[in-house]
Amino acid sequence: MYTPLEDGFAAELKRIESLNVKAIAENATEDDVRAALGRTFLREEDFPVLLSPAARPFLEVIARRAQDETMRNFGRGIQLFTPLYLANFCTNRCVYCGFSTKRDIKRRMLNLDEVEAEAKAIAATGLRKILALTGDDPKRTGAAYLAGCIRVLAGYFSSVGIEVPSMTVEEYAMQVAAGADSMTMFQETYNHARYLDLHPGGPKRDFYFRLDAPERALMGGFRAVNLGPLLGLTDWREDMAAVAAHARWLMRKYPEAEISISLPRMRPHTEGGEVAFVPEDITDAILVQAMVALRCYLPQAGITLSTREPAWLRDRLLPLGVTRVSAGVCTAVGGHDPDVSKATEESGEDKPQFDISDGRSVDEMSSDLLRLGYQPVFSDWLLGGSGASELTGGVAEALRTA
Amino acid sequence: MSEISITVNGQPETCPHSLSLEDYLAGKGINPHKVVAELNGEILKPQSFKERILNAGDEVEIIHFVGGG
Amino acid sequence: MSYSDEFTIGGRALKSRLFIGTGKYGNDSMIPQIAESSGSEVITVALRRVDFSNAKGNVMQQIPKHMQILPNTSGARSADEAVRLARLARASGVGDWIKIEVISDTRHLLPDGYETAKATEILAKEGFVVLPYMNPDLYVARDLVNAGAAAVMPLGAPIGSNRGLATREMIGILLEEIELPIIVDAGIGKPSQACEAMEMGAAACLVNTAIATAGDPVRMGAAFGEAVRAGRNAYLAGLGRVLGKGAEASSPEEGTLTGFLK
């Protein structure tokens with residue numbers, strides 16, 4: 001059993017729970033909303049007010065402030081990245097997930113040659129920022145496997161992120177040494193009881209081991225952390241308050257780290273044509289309210305938007321606070337290099353983790369961003385992975401002309 | 001023989017032999033409870049002024065509170 | 001109606017959020033009246049060598065007994081000198097509060113963040129209640145937090161300049177990021193400026209020159225006391241709508257950011 005970090009986020013989460021965010025939101029008045037919007041820096045208690053039903057008539061006003069804050073802090077640059085699914089072996093039983101061990105799908109993991117083939121194919125699209133993902137199977141695709149893959153990826157990308165099961169500080173340090181610089185860890189829900197309901201088995205069931213993971217990653221040398229609630233699993237306002245508090249707390253304790261937040265909402269995934277898990281309905285209006293409130297409360301936090309959302313909506317959400325989007329996405333293992341895709345097909349692994357709604361390629365995404373007045377940013381770090389600069393020969397040539 | 005040389009607040013001066021710090025201050029018209037002192041770098045509380053006898057070559061700092069912001 | 005709003009520094013509960021000084025008065029005998037008119041409970045003093053040729057009355061005699069004495073280390077040019085002055089102050093029996101002030105630039109009189117943090121660390125370990133005077137710099141503030149400060153005292157403008165909150169934006173960042181009480185010190189020239197600092201969320205203001213050099217210092221003390229209370233109440237009340245910011249409910253229409261939600 002994992003013992004939470006002594007001065008970790010757990011105590012702060014308890015404090016946030018004691019504030020009773022739900023009650024603040026339910027009791028908020030229009031005057032409370034006006035008072036919150038009158039402040040230069042929002043206070044902790046303002047955030048639930050902006051998430052409240054009373055704030056709904058102010059959505060346009062809050063959105064304008066969110067747009068101003070985004071422009072002031074991030075300008076017109078939007079970072080582009082793509083996820084690379086390395087493996088889908090999984091010993092967890094998350095009741096809402098397409099990779100859950102109970103689902104009858106074929107399992108597969110990329111070998112290092114396949115990782116390199118995928119890296120080349122993705123790098124040829126111009127992307128320099130990649131997010132490596134695995135399922136949760138420490139025996140097959142644990143820290144050593146991941147570090148091996150990262151070492152390959154670091155040769156092709158200036159920034160390598162990981163979205164993998166929770167690790168120890170030493171294991172995180174190993175990934176940093178291999179060339180990783182950012183980690184994504186979705187708590188899914190910060191409601192402990194609900195978390196246990198949704199994660200009946202597997203290593204992921206340990207709530208606190210996951211809760212401390214972003215801090216352990218920073219202790220292990222990561223320079224950027226991306227948090228996320230999976231909206232729809234429980235009361236969305238409570239999870240928003242908790243993830244904002246988590247980000248705020250990390251920013252205070254690790255001011256040198258770059259903290260960002262993803263706002264994925266649960267999308268129904270299918271199993272034999274049936275909807276296997278029916279989440280709370282997070283409407284577009286709720287997603288917008290959550291995003292603009294978050295931007296107003298944490299003006300400097302990055303906000304990532306995945307291809308779970310359809311293209312038309314992603315375009316509408318850009319001005320409201322988004323700073324990073326994925327493009328050219330495939331949520332099945334492999335899928336970028338033709339040979340690797342063929343091998344995946346032959347293995348029978350044909351079920352992606354979730355259905356994507358925005359199938360735009362990197363080129364399409366880039367030209368759409370430009371058309372909307374944004375600059376697609378492929379690499380924004382001076383240091384990190386060696387990227388294309390150390391490549392030689394045909395690949396380097398291909399990258400330069402990409 | 002009865003006079004010794006000391007330095008007080010950076011100024012050289014002479015004073016009688018076997019004089020306590022308290023008596024030295026009294027001779028200057030200073031209430032010993034309104035000042036603090038340093039004797040050769042050691043901070044002395046007002047209560048100990050009586051037992052500290054000045055010796056030749058001592059460096060004495062007599063400090064008090066003044067207006068400030 | 002009055003609102004109770006105590007705050008605590010170094011274990012002492014304070015009702016007034018105005019700290020006053022004792023410097024630059026034409027006549028120290030004014031100090032008790034200013035203490036009364038301003039309602040202040042904390043007062044600063046400095047340490048100097050006794051001038052035997054001109055031993056005037058002692059400023060301490062003028063300070064009401066209920067007030068917390070806050071000696072400063074003005075004159076110190078290094079951490080070592082500040083530490084020495086702090087220890088001397090404590091030896092006098094006025095308590096263990098100390099305002100660290102390390103200034104080695106005699107032209108601009110700006111505080112030296114590195115030396116201030118060093119002195120703060122040493123004195124906090126010795127049990128002092130350390131209130132360091134500082135430039136409102138986020139990194140210096142964090143160093144001071146880590147060094148064990150009880151509060152931080154950012155300057156509003158260069159010392160004695162009466163220019164108000166020239167560092168408004170930087171102080172705003174400290175208010176946002178630093179959990180310790182923020183006490184705005186130096187530069188406040190008018191009650192309206194103290195009021196603004198309190199509206200922003202400062203825990204207290206220290207005002208010396210603006211009171212001491214006013215036409216009627218006793219009355220100006222009262223004005224600052226009221227301004228600090230007004231600003232604090234405004235902060236607690238939460239500022240209402242700011243005209244021109246357009247914080248009004250509106251139904252989304254065509255061409256707006258949220259109109260697509262229908």
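Predicted model: local features only at pLDDT ≥ 70, side-chain atom pairs only at ≥ 80, totals over all residues.
1. Gly373(A) is placed in the loop between helix H17 (362–371) and strand S11 (375–377) of chain A. Although 297 residues separate Gly373(A) from Arg76(A) in sequence, their C-alpha atoms are 7.3 Å apart in space.

2. Two further residues of chain A deserve attention for their backbone angles. Most residues other than glycine have a negative phi. Asn20(A), which is not a glycine, has a positive phi near 55°. Asn20(A) is found in the loop between helix H1 (9–18) and helix H2 (21–27) of chain A. Because Asn20(A) has 14 C-beta neighbours inside 10 Å, it counts as partly exposed.

3. Glu188(A) also has a positive phi, of about 70°, and is not a glycine. Its setting is strand S4 (residues 182–188) of chain A. Is Glu188(A) buried or exposed? With 25 C-beta neighbours inside 10 Å, Glu188(A) counts as buried.

4. Chain A as a whole contains 18 helices and 11 strands. Of its 402 residues, 53% are buried. When contacts in chain A between residues at least 6 apart in sequence are considered, 77% of them join residues at least 24 apart.

5. The largest nonpolar core has 119 residues, and the members that touch the most others are Ile62(A), Leu86(A), Ala132(A), Leu153(A) and Ala290(A). Leaving aside residues up to four places away in sequence, Ile62(A) touches Leu50(A), Ala55(A), Val292(A), Ala293(A) and Cys296(A). Another core, of 96 residues, lies apart from it; Ala79(C), Ala117(C), Leu206(C) and Val228(C) are among its members.

6. Chain B has 1 helix and 5 strands, which follow the pattern β-β-α-β-β-β along the sequence. For its 69 residues, a compact globule would have a radius of gyration near 11 Å, and the value of 12 Å for chain B agrees with this. Along the principal axes, the C-alpha atoms of chain B fill a box of roughly 45 × 20 × 20 Å. Buried residues account for 28% of the 69 residues in chain B. Of the contacts in chain B between residues at least 6 apart in sequence, 53% join residues at least 24 apart.

7. How many residues of chain B are in contact with chain C? There are 19, and they are in contact with 27 residues of chain C. On the chain B side, strand S3 (36–39) and strand S5 (59–67) are the elements that give two or more residues. S5(B) gives the most, with 7 residues. By class, this side of chain B has 8 nonpolar, 6 polar and 5 charged residues.

8. S5(B) also pairs across the chain boundary: 5 bridges join S5(B) to strand S4 (residues 42–49) of chain C, and the two strands run antiparallel. Within this pairing, His64(B) stands opposite Arg48(C) in S4(C).

9. Gly21(C) also touches residues of chain B. This glycine lies in the loop between strand S3 (18–20) and helix H1 (31–38) of chain C. Gly21(C) is buried because 28 other C-beta atoms lie within 10 Å. Not counting residues up to four places away in sequence, Gly21(C) touches Gly68(B) and Gly69(B), together with Thr44(C), Leu206(C) and Asn208(C). Leu206(C) is also among the members of the core of 96 residues. Between Gly21(C) and Ser40(C), 19 residues apart along the chain, the C-alpha separation is 10.0 Å.

10. Chain C contains an open sheet of 3 strands in the order S6-S7-S8, with parallel pairing. Strand S6 (97–100) and strand S8 (153–154) each have a single partner strand and stand at the edges, so one side of each is left without a neighbour in the sheet. S6(C) and strand S7 (residues 129–134) of chain C are paired over 4 bridges, and Ile100(C) stands opposite Pro132(C) in S7(C). Helix H3 (residues 113–125) of chain C lies across S6 and S7, running at about 175° to S7(C).

Technical notes
Residues numbered from 1 in each chain as written. Chains lettered and ligands numbered in written order. Buried ≥ 20, exposed ≤ 12 C-beta atoms within 10 Å, placed from the backbone. Contact = placed C-beta atoms within 7 Å. Rg over C-alpha atoms; globule rule 2.2 N^0.38 Å. Nonpolar A, V, L, I, M, F, W, Y, C, P; charged D, E, K, R; others polar. Pairing = 2+ DSSP bridges. Core = buried A, V, L, I, M, F, W, Y, C linked by C-beta atoms within 7 Å. Axes fitted to C-alpha atoms, helices over the stretch in contact; angles between N-to-C directions.
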